[in-house]
Amino acid sequence: MPLAERALTAVWLGAALLLFAASLWVQDVSVQLFFDNASWTLAFGLSAFWAWRGRAQVPQAHRLLHTGLFAGTVLIAAGQLVWNLQVALDWNPFPAPADLFFLSVGPLWAATVIRATFARLSKDRAYPAALDFGGAVLALLAFTLVIYLPSGQDQPLAVTTVLLLYPVVYLTAAGVTALAMPTTGVRVTRAHLLVVAGMLGYGLSWMQWNLMLLGGTLQPGMLLNASFSLAALALGWGARGLRFEVSDDPDYRRRCDQVMNYLPLVAMVLAAITLVRLFIITSDGRAGVQVLILVCCLLVLLLAALRQAIVVGLLNRLRTAEAEVLRNEERLYHLAHFDALTGLPNRRFFEDALERAVAEAARAAQMPDRRVALLLIDLDHFKSVNETYGHRVGDALLCEVAQRIHQLLEGQWLVSRLANDQFTVMLQRPASRTVLAQLATTLLEGLARPWEVSEVGVQYMGASIGISLFPDDASNSLELVQHAHSALHATKSAGRGSYRFYIEEFTQITRGRLELRRRLHNALQGGEFSLVYQPQLNHLRQTVGAEALLRWSVDGKLVPPDEFIPLAEESGLIVPMGLWVFETACSQVAQWRAEGWQVPVVSVNVSTIQLREPGFTQALLGIVQRAGVAPASLVLEITESQLLDESLYAMALDLKNAGFVLSIDDFGTGHSSLIKLKRLPVSELKIDKEFVRDIVVDPNDREICATVNALARALGLEVVAEGVETEAQWQLLVRMGCQRFQGWLFAPALAPQELARQWLQPAAHDPLARVVKNDS
């Protein structure tokens, strides 16, 4: 409080107290009346001043309640001034003009509080609150009427009405203000209590004043006169510090709701007391007032009944909502912890269950069977199913896999779907590794049986399994999963369709792969890649082509292509790497031609991921145009399984129409059909080195190579044999009709300068250049 306001308050309050003390001390009635009026005037004025200060200290948006309180204190002060004027004029009618000011204060305060309260309530809470307020006000009115009934029975109706209104309006304002706090959940402070106490003091003071007036005992200079001043000061001081702050504490709001739930009961008890006093204690009195009291009491009972009906309806809705919430929680739990497609527990459920099982096993450190086993199942070639037949067939197959695993395990262990085509089986306290091996064998045999899929008929698809155990292979659940992945990767690398237990070597291999993956992201920008070229010769050992091969050197050591190419495809880096290889090969062809060498055709391998890139054909055309090389100079080698994918046929046709030559790489390792092979836009077949390696000693490989050559001649295609390492292999292939050869028998992959010096011929003019992208 500022110093000036503190000083003014002290002087003002001191003067009011001195005047009241003087009214008690002097004996003259007229002087006592003057001192009483002067004391009231100062107290009412100080109350209005404090209310005005409180209003000025709150934000504009929160001034509604303070404005009402301030207006009420001003009306009281104005009424007192009018009363002083009436006393000075010795004009004292009843009811008098001053009564109009005093009686308007209570309704103003009540209306302001009700408006501020209901503005903060939702529709569902507003109806019960309105019934609570109405019941409380009617109960107070009935109780006040029954108190005045015996004393005012001889008074005129106007006098009785005004006398009744004084306590009723102020007590109503006090009751409404008190009810507003638990209704809205306002945090009750001393300022709130002072405001309610001030309104209540006004009401009780007027009630006692009027009763003494009716009894003829009212006189100036009484202690009762101080109650009006005290009520005014309490209300004004409370209004000065009043803040309308709603509590966010749920416990406090719950207690407020409990208070409001008891309010109808309190109103009914007050109405019952009123009826008892009406019919037993004060059976005599005005009939009209008695009827009014009876009607008020009955309305209280009716409002309480309506309120309880609303509460019961609300409780029913809450129970229904609670039941729906529980159902939603169950659905959300199921959505969060179970796979929507297969109905199996998902990764989250599995990880929680595995962590609990590992923790339980760790606590039972002395138990011999405290192991936790994890089997990680991955379907073999499932990606090909999705790509060939679509995701609808793949989803149906996944559902069948889930059912088959569950049936094979007879529901005894936890089965989960970890990822797209990966499933897990968790076993607690397995008897031995032998039991786990038998279980893995059962699963593999069950999953290898033919699958009946309605859209595509009978299909065959196996699985690979990686197994790890706690605490043998891991110290926690995270390591247990990681090591199962390592064992699975080793199984798939060894040829799929089997199972393996985890060993430490798998972790080292996995860590090495992760390190390669990390370094691969910066290899292109770091200039760590290079191209080498392996010549391709005809049956006369003349250079007719070359294959561009990508090499990656890390810390001075070459990384085998079969290690980093799959990582590049998994991470998507194969796209920028492939474009770099293609562009580098084009630039090298242009450089050879500028140096005067006759450049043969050059082959470049293309990945499926590159073929699926939008605008791939246009990107290659832009590169060859910038390098000044014709598209026909380039052979794009695409593996057999990729080229036979129907979804890639359109892209292959675009490349062929753009002028590029297409070759089927690793022919014989895929699942070719003659119908598909006949319609493919390719110009050559490349026999995989796996068939060439044992062609001399293995009749089956020899027959395969002879068949491929015969098939190529029938379709008008050239044949390239790669991996030729011995003279005997070359002689056999020549007799079979093979046109081109590639392998260590002739030369390894060479640097561009070495290839030009050893295998290229000088040219009198620029020949047709043919560029290839490196194959790993």
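This is a short tour of a predicted model, stop by stop, for you to follow in your viewer. Residues are numbered from 1 along each chain as its sequence is written, and side-chain values use heavy atoms, with hydrogens and water left out. Local features need pLDDT of at least 70 and side-chain atom pairs count only at pLDDT 80 or more, while totals for chains, interfaces and linings use all residues.

**Stop 1: a helix pair**

Select residues 574-594, helix α18, together with residues 616-627, helix α20. Helices (H or I, at least four residues) and strands (E, at least two) are DSSP runs, numbered from the N terminus. The two axes come within 9 Å and cross at roughly 25°; axes are lines fitted to C-alpha atoms, for helices over the stretch in contact, and angles run from 0 to 180 degrees between N-to-C directions.

Now show the side chains in contact (heavy atoms within 4.5 Å). From α18 these are Leu 579, Phe 582, Glu 583, Cys 586 and Ala 590, and from α20 they are Ala 619, Leu 620, Ile 623, Val 624, Arg 626 and Ala 627.

**Stop 2: helix α22 and what follows**

Move on to residues 649-657, helix α22, and pick out Tyr 649, Met 651, Ala 652 and Leu 655, which are buried. Buried means under 20% relative accessible area, exposed over 50%, and partly exposed in between (1.4 Å probe, protein chains only). Look down the axis of α22: its buried residues fall within an arc of 160°, so they line one face of the helix. That arc is taken over the directions from the helix axis to the C-beta atoms.

Next, select Ala 658, in the loop between α22 and β14 (661-667). Ala 658 counts as partly exposed, at 22% relative accessibility. Leaving aside residues up to four places away in sequence, Ala 658 touches Thr 617, Leu 621 and Pro 631. Gly 659, which follows α22, has a positive phi near 110°.

**Stop 3: backbone details in loops**

Go to Pro 471, in the loop between β6 (463-470) and α15 (477-493). The peptide bond from Phe 470 to Pro 471 is cis, with omega near 5°.

Which phi does Arg 429 have? It is positive, near 55°, in a residue other than glycine. Arg 429 sits in the loop between β3 (422-428) and α14 (433-448).

Finish at Arg 541, in the loop between β8 (529-537) and β9 (543-554). Its phi is positive too, about 60°, although Arg 541 is not a glycine.
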